[in-house]
Amino acid sequence: MAIGSGLGAQLGIAAESAYGTFVAPTKFIEFTKESLALKKTTAQSAGIAAGRLLALSSRRVVTRREVQGSVNFEVVNKSMGLLVQALMGTSVTPVQQATTTAYLQTHLLADTAGKSLTIQKGVPLTTGTVTDKTFLGCKVTSGEFSCEVGGMLTGSFEFDGKDCDEGQTLAVASYSNMSPFHFGQMALKTGTFGTETALDGIRKVSVKIERPQDVERFYANQSALKKEPISNDQVKITGSLETDYVATTLDDLHTSDGTTSLVWEFVGANIASTYFETFRVTLPAVKLDEGPPVVDGFGVVKPTFNFTGLYDGTNQPKIEIISTDTTL
């Protein structure tokens, strides 16, 4: 029996071979909170019948079902590949580095068609019995990463899903020996793509990638369920850099509306040879939208520069992971 509180909860994920088709979870995510839930639309018959003062319960119908919610987690050195693939869109196979136990995942920005997840949630009753809620056809609609002074690298993903199935067998959770990425491992670089250099004074970074999709594909013959959402707008990449005003590098880019490449990375323990546990976000073209320095007291000036990620015409944004994971 599990603990009869959130301490006994679990969250497992698996890539689906077809949208909305159950696949038993193979990866288990250590999450900090989640809000995944079935959302149903109902209609109540309003027919008039002599003397009837209250609508009949038998005349209420469910006209559509879907799933919405989010999952928050700490980004760790293993088992992140499926989530990042669902966000970025590229089908990724980890590439062995030389003959070591280090494997590189390169997640380039691409369409997310066919990239859906089964997410199985175990929710404990107070008795310790863990109930199953399996969410099918989960598509990532946005993903945000953030890290600040003294903190962990965290992720927050929003999902849209097809349905909730409570008839599956709850998978037995198992966890690798994982370590979180954190501020002590963080580096932020800017400059020309491929030759970016370290930027001083950075206190907090956040990057958000939004994947707009038509999530209203409800048709006849679908038993009140939707078809796979389709991308219906350009990807939106935004973020912020909280800084101490140690140099005018970012300020000058804001003034000129110049373009810079941005590399945000976390480098952890050595795996083998020259290969280290790594989580790296590369945005080849960034424009600063606002954040010129202002003086609001006696303290150190601390501007926050908000930015937009764009396409440089050649290089796609990407997230790279180096870990010991041989598969996603």
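**Close-up views of a predicted model**

**View 1. A polar contact joins the side chains of Asp244 and Lys302 at 2.7 Å.** The structure shown is a predicted model. Asp244 is placed in the loop that runs between β17 (236-243) and α2 (249-256). Beyond its neighbours within four places in sequence, Asp244 is in contact with Gly201, Arg203, Val300, Val301, Lys302 and Pro303.

**View 2. The largest nonpolar core contains 55 residues.** Within this core, Phe145, Leu153, Phe159, Trp264, Phe279 and Ile319 touch the most other members. Helix α1 (residues 81-88) supplies the largest share of the core, six residues. Another core, of five residues, lies apart from it and includes Ala102, Ile271, Ala272 and Ile322.

**View 3. Surroundings of Leu153 in the largest nonpolar core.** When neighbours within four places in sequence are left aside, the contacts of Leu153 include the aromatic residues Phe73, Phe145, Phe181, Trp264, Phe266 and Phe279. Leu153 is also in contact with Glu74, Val75, Ser146, Cys147 and His182.

**View 4. Phe181 and Phe266 form a tilted aromatic pair.** The structure holds eight aromatic pairs. In the pair of Phe181 and Phe266, the ring centres are 6.4 Å apart and the planes stand at 55 degrees, so the arrangement is tilted. Because Phe181 lies in the loop between β11 (163-165) and β12 (186-191) and Phe266 in strand β18 (residues 259-272), the pair ties together parts that are 85 residues apart in sequence. Both Phe181 and Phe266 are buried.

**View 5. One aromatic cluster includes Phe181 and Phe266.**

Key: Residues numbered from 1 in each chain as written. Predicted model: local features only at pLDDT ≥ 70, side-chain atom pairs only at ≥ 80, totals over all residues. Heavy atoms only, no water. Core = buried A, V, L, I, M, F, W, Y, C linked by side-chain atoms within 4.5 Å. Buried < 20%, exposed > 50% of the residue type's maximum accessible area, 1.4 Å probe, protein only. Helix = DSSP H or I, 4+ residues; strand = E, 2+ residues; numbered from the N terminus. Contact = heavy atoms within 4.5 Å. Phe/Tyr/Trp six-rings, centres within 6.5 Å; stacked < 30°, edge-to-face > 60°. Polar contact = N/O pair within 3.5 Å; in protein donor to acceptor, adjacent residues only side chain to side chain.
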